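Subject: Handing over the structure

Hello,

Here is the structure I promised to pass on. Please open it and keep it in view while you read my notes below.

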Amino acid sequence: DRGVVVGRGRRGGLTVKWAPSGATCDVAVADVAPAPVVAAPGAPRILKGDVVVASVDYETVKVGDRGVVVGPCSDPAMSRADLRVLVDFDGKAAYNYRCDTQIQLAPLLDGATFVRDDTVVARGRARGVVVGLGADGRTLRVATDDGVEDVAPADLAHAPLVADAPQFRKGARVVARVGYNAVRAGDRGVVV
């Protein structure tokens, strides 16, 4: 169920107002998790407060500019408002960007390419998923079947995205063999 935190609950918990009933109740902090801002099927998991990078220019925002997700689309009349989030681009302005095509999560650490929910392989360890920054702010917290561990970025690699094709990892440079839409055979790109 989705709800909104409306205050502090008794005994250190949270008071949550649940949709669509409007009922409120107190819950323990451990029993809830942040809900994605966009609930549309197939949309990437974007949370309020996520730092994102613009993938397209728009007015004062340029490709590569960083912003912070402040909430859902502020204009329900916009095209595909169900896939848009309101992003504050470092005080320049706030715009409704599509979360599936116009922004991407910013790397958690400078100089690294890892973002939350990336599937990774740690040297000498099992496959896991990046769940956030490590406790020291210099490592990444990685969840595996064995638990959660803070791992240095140098000890991580992006896991292959396609079974039996280890060359296709996030960040890999590729050349198109066939044309598709605006991409022509021979065009170069990077796997995102």
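Where is the place of P20 in the chain? P20 sits in the loop between β2 and β3. A cis peptide bond joins A19 and P20. Its omega is about -5 degrees.

Please remember that this is a predicted model.

**The overall picture**

The protein chain has 192 residues. How many helices and strands does the chain have? It has zero helices and 15 strands. Along its principal axes, the C-alpha trace spans about 60 × 45 × 30 Å. Of the residues, 30% count as buried.

**Around strand β2**

Go to W18, which lies in strand β2. W18 counts as partly exposed, because its relative accessibility is 22% and buried means under 20%. Now look for R2. W18 and R2 are 16 residues apart along the chain. Their C-alpha atoms are separated by 6.1 Å.

Most residues other than glycine have a negative phi. Two residues here go the other way.

- R11 has a phi near 60 degrees, a positive value, and is not a glycine. R11 lies in the loop between β1 and β2. R11 is exposed, with a relative accessible area of 85%.
- E59 is not a glycine either, yet its phi is positive, at about 50 degrees. Look for E59 in the loop between β4 and β5. At 56% relative accessibility, E59 counts as exposed.

**Salt bridges**

The count of salt bridges comes to nine. Three of them are described here.

Start with D117 and R45. Their side chains meet in a salt bridge, at 3.0 Å from N to O. This pair links distant parts of the chain, 72 residues apart. D117 is in the loop between β8 and β9, and R45 is in the loop between β3 and β4. Are these two buried or exposed? D117 counts as partly exposed, at 34% relative accessibility. R45 is partly exposed too, with a relative accessible area of 36%.

Next come R116 and D50. Their side chains also meet in a salt bridge, at 2.8 Å from N to O. This pair again links distant parts of the chain, 66 residues apart. R116 is in the loop between β8 and β9, while D50 is in the loop between β3 and β4. Both R116 and D50 are buried.

How are these residues connected as a group? R45, D50, R116 and D117 are linked in a network of salt bridges.

D136 is partly exposed, with a relative accessible area of 39%. R138 counts as exposed, because its relative accessibility is 61% and exposed means over 50%.

**Pockets**

How much space lies in the largest pocket? About 710 Å³. It is lined by 26 residues. Q104, V115, D118, K170 and V192 lie nearest its centre. Strand β8, residues 103–105, gives the largest share of the lining, with three residues. By class, the lining has 13 nonpolar, seven polar and six charged residues.

The second largest pocket has a volume of about 480 Å³. Of the 19 residues that line it, G3, V4, A33, P34 and A35 are the closest to its centre. Which strands each supply at least two residues of this lining? They include β1, β2 and β5. By class, this lining has 14 nonpolar, two polar and three charged residues.

**A surface patch**

One last stop. V51, V68 and V70 make a nonpolar surface patch of about 180 Å². V68 is found in strand β5. V68 counts as partly exposed, at 31% relative accessibility.

The structure is now yours to explore.

Best wishes

Key
Residues are numbered from 1 along each chain as its sequence is written. This is a predicted model: local features need pLDDT of at least 70, side-chain atom pairs count only at pLDDT 80 or more; totals for chains, interfaces and linings use all residues. Side-chain values use heavy atoms; hydrogens and water are left out. On a 1 Å grid over the protein atoms alone, a cavity is a set of points where a 1.4 Å probe fits but cannot get out, and a pocket is an open set with protein on both sides within 12 Å along at least five of seven lines; lining residues have an atom within 4 Å of a point. Grid points are joined across faces, edges and corners, and a volume is the space filled by probe spheres set on the points. Helices (H or I, at least four residues) and strands (E, at least two) are DSSP runs, numbered from the N terminus. Ala, Val, Leu, Ile, Met, Phe, Trp, Tyr, Cys and Pro count as nonpolar, Asp, Glu, Lys and Arg as charged, and the others, Gly among them, as polar. Patches are made of residues with over 30% relative accessible area and no salt bridge: like charges are joined within 9 Å, nonpolar side chains (Val, Leu, Ile, Met, Phe, Trp, Tyr) within 5 Å. Accessible areas come from the Shrake-Rupley method with a 1.4 Å probe; for residues, only the protein chains shown count as cover. A salt bridge is a side-chain nitrogen of Lys or Arg within 4 Å of a carboxyl oxygen of Asp or Glu. Buried means under 20% relative accessible area, exposed over 50%, partly exposed in between (1.4 Å probe, protein chains only).
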